[in-house]
Amino acid sequence: LMMHDVSFNNMMLNNADTLEIDWPDGPDAKGIDQPRSFDAVVANPPYSAHWDNSETKLKDPRFREYGKLAPKSKADYAFVLHSIYHLNNTGTMAIVLPHGVLFRGAAEGKIRQTLIEKNYLDTVIGLPANLFYGTSIPTTILVFKKNRKTRDILFIDASNEFEKGKNQNNLSNENIDKIIETYQNRKDVDKYAHVASIKEIKENDYNLNIPRYVDTFEEEAPIDLEEVNKQLKQDNKEIAELEAAINEQLKMLGVEV
């Protein structure tokens with residue numbers, strides 16, 4: 001915040017376990033939850049962190065609508081639900097997560113399906129590997145909105161467009177601009193983006209793995225078998241000539257061949 005010239009007077013910082021104790025308000029003296037909502041929520045939580053997912057958490061208003069809790073060893077969706085809970089009805093949320101949240105099943109699959117059925121998920125953006133310090137895994141940005149007017153989901157595969165660095169890869173301004181432009185236009189882009197209907201999502205059993213929706217396959221050039229055969233014959237001829245020359249040299253040296 002300070003790097004973006006936000007005065008400390010306009011900050012509310014809280015050092016605590018976000019998933020254990022909701023912030024900044026939580027339940028009042030009568031036990032009624034009074035969440036503070038925001039126009040924008042941006043999060044980059046620890047990936048696949050451990051958390052206490054005891055059944056009592058299902059009473060927590062952040063999680064109870066989804067019927068399932070994120071696994072004990074993967075708190076990714078717990079952070080998603082916490083963040084959505086504090087997003088207002090006209091706001092936008094973006095959260096960076098590992099790709100596993102797109103396709104893992106069991107409780108995570110149920111939560112993912114519920115989020116889609118609630119029409120909260122707006123966009124899935126696949127990022128290149130090795131962008132962040134401390135991990136080389138590829139990540140994804142999930143964009144959520146409430147009260148969306150359409151029921152489709154935009155998929156952007158930006159995983160192959162980056163500048164390779166010595167220790168880390170980087171997104172150039174051009175790479176970032178392309179992602180933003182594609183997000184704003186919300187149209188199919190060959191081998192880069194696809195707007196998937198809710199029917200497509202259901203047909204894929206709510207699996208959001210990006211290659212299911214964005215085909216980045218590049219066809220290889222056809223092989224000219226006649227040319228390959230011609231080259232093979234030429235190679236064999238040259239090998240035979242070389243062997244004959246070597247044998248002639250060996251004979252001159254008195255070596256029996």
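## Domains and basis of the model

The domain assignment of the protein chain, which is automatic or taken from a database, gives domain 1 (8-212) and domain 2 (223-256). The C-alpha centres of domain 1 and domain 2 lie 62 Å apart.

This is a predicted model, in which local features need pLDDT of at least 70 and side-chain atom pairs count only at pLDDT 80 or more, while totals for chains, interfaces and linings use all residues. Residues are numbered from 1 along each chain as its sequence is written, and side-chain values use heavy atoms, with hydrogens and water left out.

## The sheet and its helices

Helices (H or I, at least four residues) and strands (E, at least two) are DSSP runs numbered from the N terminus, and two strands pair if DSSP finds at least two bridges between them. Six strands form an open sheet in the order S1-S2-S4-S3-S5-S6, with mixed pairing. Strand S1 (38-43) and strand S6 (193-196) are the edge strands, each pairing on one side only. Strand S5 (residues 153-157) pairs with S6 in the antiparallel sense over four bridges, and Phe155 stands opposite His194 in S6.

Helix H1 (residues 76-85) packs on the sheet and touches S1, strand S2 (87-98) and strand S4 (139-145); its direction makes about 160° with that of S2. Contact here means heavy atoms within 4.5 Å. Angles run from 0 to 180 degrees between N-to-C directions, with axes as lines fitted to C-alpha atoms, for helices over the stretch in contact. Helix H3 (residues 173-185) lies across S2, strand S3 (121-126), S4, S5 and S6, at about 160° to S5.

## Nonpolar core

A nonpolar core is a set of buried Ala, Val, Leu, Ile, Met, Phe, Trp, Tyr and Cys residues joined through side-chain atoms within 4.5 Å. Buried means under 20% relative accessible area, exposed over 50%, and partly exposed in between (1.4 Å probe, protein chains only). The largest nonpolar core has 39 residues, and those with the most contacts inside it include Val80, Phe155 and Ile201. H1 gives the largest share of this core, six residues.

## Salt bridges

A salt bridge is a side-chain nitrogen of Lys or Arg within 4 Å of a carboxyl oxygen of Asp or Glu; the count comes to eleven. One joins Arg62 and Asp22 (3.9 Å, N to O); Arg62 is buried, and so is Asp22. Arg62 also meets Asp60 in a salt bridge (2.8 Å, N to O).

Lys118 and Glu65 form another (2.8 Å, N to O). Lys118 is partly exposed, at 28% relative accessible area, and Glu65 is exposed, at 51%.
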